[in-house]
Amino acid sequence: MLEQLTYVQIGDRLNISSEGARAIVKRNRLPRSHDKNGKTLVAIDLDELQHKPLPGRSPRRLPVTDVVATLKARIEQLEAELAAEQQRSAGHRAYYEHERERADLLARSHEKLDIQLKNLRLHLQAGRQAAARRTLRDWWRWLRATG
């Protein structure tokens with residue numbers, strides 16, 4: 001809606017200084033006129049001006065309270081994601097600990113089996129040597145006895 005406003009009134013509505021309002025009027029080349037008291041009146045549609053970004057600049061910034069609220073909401077969202085990831089990580093950690101204990105148990109049992117296998121090999125060799133000696137002695141005894 002087109003309104004006739006002074007620079008001070010424009011500044012109050014846009015929450016800027018009257019000099020800032022003058023700069024906006026000049027930048028947008030808005031039509032101006034003078035009233036009976038010598039004040040400058042500007043024909044301006046504030047709704048259109050607020051939605052229209054300034055040339056060469058980003059759109060008007062959000063008020064600080066909106067930015068803070070947006071950031072707080074984002075922080076809460078990130079904290080919720082972090083809690084979910086930590087919970088998921090705890091499950092993975094428990095699985096990792098279980099598997100590590102299982103691997104340690106398997107390694108220990110493998111070492112025990114390896115030691116038992118070496119002992120059995122030694123016993124087998126000793127048994128073969130003893131059997132070979134006995135057989136050879138027995139053969140000589142038999143040979144002498146039959147002889």
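Predicted model: local features only at pLDDT ≥ 70, side-chain atom pairs only at ≥ 80, totals over all residues.

Me: At what angle do helix α1 and helix α2 pack?

Reply: Two packed helices are described by the angle between their axes and the distance between the axes. Here α1 (residues 7-14) and α2 (residues 18-28) pack at about 100 degrees, their axes lying 8 Å apart. Therefore α1 is roughly perpendicular to α2 (65 to 115 degrees). Axes are lines fitted to C-alpha atoms, for helices over the stretch in contact, and angles run from 0 to 180 degrees between N-to-C directions. Helices are DSSP runs of H or I with at least four residues, and strands are runs of E with at least two, numbered from the N terminus.

Me: Which residues of α1 and α2 meet?

Reply: From α1, Tyr7, Val8, Ile10, Gly11 and Leu14 meet Ser18, Ala21, Arg22, Ile24 and Val25 of α2 (heavy atoms within 4.5 Å).

Me: What is the phi of Asn15 and of Arg29?

Reply: Most residues other than glycine have a negative phi. Asn15, in the loop between α1 and α2, has a positive phi near 60 degrees. Arg29, in the loop between α2 and β2 (32-34), has a positive phi near 55 degrees.

Me: Is Asn15 buried or exposed?

Reply: Asn15 is exposed, with a relative accessible area of 66% (exposed means over 50%, buried under 20%, partly exposed in between, with a 1.4 Å probe and protein chains only). Arg29 is also exposed, at 74% relative accessibility.

Technical notes. Residues numbered from 1 in each chain as written. Heavy atoms only, no water. Parallel < 35°, antiparallel > 145°, perpendicular 65-115°, else oblique.
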